Amino acid sequence: MDALDLILTRRSVLARNMVAPGPNDDQLEAILRAGIRVPDHGKLAPWRVQVIDAAGQRALADLFVDIQRRAQPDMAEAQLLAEGRRPLRAPVLLAVTQTLQRDHKIPTMEQRLSAGAFCQNLLVAAHASGFVAQWLTEWPAYDDEVKAALGHRPETDIVGFIYIGSAAEPPQERARADLDKVVSHWSGPAS
Ligand SMILES: Cc1cc2nc3c(=O)[nH]c(=O)nc-3n(C[C@H](O)[C@H](O)[C@H](O)COP(=O)(O)O)c2cc1C
């Protein structure tokens with residue numbers, strides 16, 4: 001499949017529908033290299049990524065349950081179990097973070113866009129490597145305790161968790177935006 005076909009056929013697979021295998025170390029390194037090869041105005045490298053290994057995934061699972069149990073003491077045990085399953089859904093879990101440089105001449109919007117492109121490159125590279133991936137934020141990306149547990153300062157954002165694995169079954173196609181509604185042509189100011 002050529003590069004354009006890869007992009008045209010990429011689909012997220014729900015993390016809960018992922019199974020082993022995930023990328024091995026060499027494949028993951030290639031995916032991460034693709035991540036850093038994004039447009040980056042000013043060469044700020046305004047993104048970081050953590051590879052959360054199996055022990056880290058289990059630690060996050062315990063933390064998610066603990067946070068939810070404290071926040072909602074009446075939460076049903078089944079729901080708590082589901083919270084603990086979140087970080088365990090895929091064989092590989094990445095956390096992409098960003099600390100915006102607010103006083104830099106490169107606008108923060110451009111730094112944000114570069115982080116988004118970083119995540120998208122990870123998704124495409126995972127797909128190109130024969131795996132599936134999903135970019136999820138869910139509540140943990142916005143939770144200060146999760147952020148602190150991952151070793152981040154409050155001003156750092158979790159841009160997303162990237163789940164990578166193999167698809168338990170092929171994903172259904174998803175309706176896409178209508179190209180005619182998205183694309184217009186401009187040939188100069190109206191006279
Ligand atoms: C920044 C960002 C955060 C997202 N967070 C979630 C999320 O928390 N939960 C969710 O169901 N989908 C989330 N998504 C959407 C999925 O990643 C994915 O786009 C969706 O499942 C559609 O799949 P597709 O990539 O094939 O269009 C998020 C997407 C982006 C760009």
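Reader: Which residues of α5 are buried?

Author: Heads-up: this is a predicted model, where local features need pLDDT of at least 70 and side-chain atom pairs count only at pLDDT 80 or more, while totals for chains, interfaces and linings use all residues. Residues are numbered from 1 along each chain as its sequence is written. Helices (H or I, at least four residues) and strands (E, at least two) are DSSP runs numbered from the N terminus, and a residue is buried with 20 or more other C-beta atoms within 10 Å of its own, exposed with 12 or fewer and partly exposed in between, C-beta atoms being placed from the backbone. For α5 the buried list is Gln-111, Ser-114, Ala-115, Phe-118, Cys-119, Leu-122, Leu-123, Ala-125, Ala-126 and His-127.

Reader: And what do the buried residues of α5 pack against?

Author: Take a contact as two C-beta atoms, placed from the backbone, lying within 7 Å. The buried residues of α5 then pack against both helices and strands: α1 (3-9), α2, β3 (92-98), β4 and β5 (157-167).

Reader: How far apart are the end C-alpha atoms of α5?

Author: The expected span of a helix is 1.5 Å times one less than its number of residues. α5 has 21 residues, so it should span 30 Å, and that agrees with the distance between its end C-alpha atoms, 30 Å.

Reader: At roughly what angle do the axes of α2 and α5 cross?

Author: Axes here are lines fitted to C-alpha atoms, for helices over the stretch in contact, with angles from 0 to 180 degrees between N-to-C directions. The axes of α2 (residues 25-36) and α5 (residues 108-128) come within 7 Å, crossing at roughly 145°.

Reader: Which residues make the contact between α2 and α5?

Author: A crossing is left-handed if the near helix is turned anticlockwise from the far one by less than a right angle, and right-handed if clockwise; α2 passes α5 right-handed. On the α2 side, the contact uses Ala-30, Ile-31, Ala-34 and Gly-35, and on the α5 side Phe-118, Asn-121, Leu-122, Ala-125 and Ala-126.

Reader: What about α3 and α4: how many charged residues are in their contact?

Author: The axes of α3 (residues 54-71) and α4 (residues 77-85) come within 7 Å and cross at roughly 140°, and this crossing is right-handed. α3 brings Ala-61, Phe-64, Val-65, Gln-68 and Arg-69, and α4 brings Leu-80, Glu-83 and Gly-84. Sorted by class, that's four nonpolar, two polar and, for charged, two.

Reader: Which residues are around the ligand?

Author: Here "around" takes in residues whose C-beta atom, placed from the backbone, lies within 6 Å. Strand β4 (residues 132-136) supplies the largest share, three residues, and the classes are two nonpolar, four polar and three charged. The shell is Arg-11, Ser-12, Gln-134, Trp-135, Leu-136, Thr-137, Glu-138, Gly-160 and Arg-174.

Reader: Near what value is phi of Glu-138?

Author: Glu-138 sits in the loop between β4 and α6 (144-149), and it is partly exposed because 13 other C-beta atoms lie within 10 Å. Its phi is positive even though the residue isn't glycine, near 50°.

Reader: Is Ala-45 buried or exposed?

Author: Ala-45 is in the loop between α2 and β2, with a positive phi near 45°. It has 12 other C-beta atoms within 10 Å, so it counts as exposed.

Reader: Which residues does His-41 touch, leaving out those up to four places away in sequence?

Author: His-41 is in the loop between α2 and β2 (48-52), and its 14 C-beta neighbours inside 10 Å make it partly exposed. Leu-113 is 72 residues away in sequence, with 9.9 Å between the two C-alpha atoms. The residues His-41 touches are Ile-106 and Glu-110.

Reader: Where is the cis peptide bond?

Author: Look in the loop between β1 (18-19) and α2, where Pro-21 lies. With omega near 5°, the cis bond runs from Ala-20 to Pro-21.

Reader: Zooming out, what percentage of the residues in the protein is buried?

Author: The protein has seven helices and five strands, and its C-alpha atoms fill a box of roughly 65 × 45 × 35 Å along the principal axes. Of the 191 residues, the buried part is 25%.

Notes. Nonpolar A, V, L, I, M, F, W, Y, C, P; charged D, E, K, R; others polar.
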